[in-house]
Amino acid sequence: MNIDSIKNGIVIDHITAGRGMELYSLLKLDTLDCSVVIGKNVGSEKMGKKDIIKIDADIELDTTILGYVDPEVTINIIKNGKIVDKKGVTLPEKLVNVICCKNPRCITSCEQELDQVFTLTDKENRVYRCLYCETKAK
Ligand code: ZN
């Protein structure tokens, strides 16, 4: 897959193979009017296989979600068919309303007004726990 077809937009590159769809749904890319292309298991010299997402519009991406799903991704900003900027993301310390707690007895399941808050409790293993009941995400 090449990026030549995009004039102005964003390419999310170096996504760990298999995580592209998760990013697609968490970033709510299905709600965009522009064209979005997901490449799955694309060959990569560096990673063997990777996923890649091309968005044919200059939108604001939620870097918290990107960092949560895959802190290894690279964001390429394309202007006039050229890469003008490359950005990495970092593992977020806190997730607010990104994912929901799976514990049916968690207070966030009953109180709809409460924010769904997860905090990073184990950086090395990328473990997030619900702020209220400490249930592990994923
Ligand atoms: Zn919870």
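Is His 14 buried or exposed? Hold that thought for a second while I say what we're looking at.

This is a predicted model, where local features need pLDDT of at least 70, side-chain atom pairs count only at pLDDT 80 or more, and totals for chains, interfaces and linings use all residues. Residues are numbered from 1 along each chain as its sequence is written, and side-chain values use heavy atoms, with hydrogens and water left out.

Okay, back to His 14: at 16% relative accessibility, it counts as buried (under 20% relative accessible area; exposed is over 50%, partly exposed in between, with a 1.4 Å probe and protein chains only). His 14 sits in strand 1, residues 9–16 (strands, E, are DSSP runs of at least two residues, helices, H or I, of at least four, numbered from the N terminus). His 14 isn't a glycine, yet its phi is positive, about 60°.

Asn 80 also has a positive phi, near 50°. Asn 80 is in the loop between strand 4 (74–79) and strand 5 (82–88), and at 60% relative accessibility it counts as exposed.

Now the zinc ion. Cys 101, Cys 106, Cys 130 and Cys 133 coordinate it through SG, at 2.2 to 2.3 Å (donors are N, O and S atoms within 2.8 Å of the metal, 3.2 Å for Na, K and Ca; water is not among the atoms, so sites may look incomplete). Along the chain the spacing reads C-x4-C-x23-C-x2-C. Cys 106 lies in the loop between strand 6 (94–96) and helix 3 (107–110) and Cys 130 in strand 8 (residues 127–130), so this pair ties together parts 24 residues apart in sequence. Cys 106 is buried at 1% relative accessibility, and Cys 130 is buried too, at 2%.
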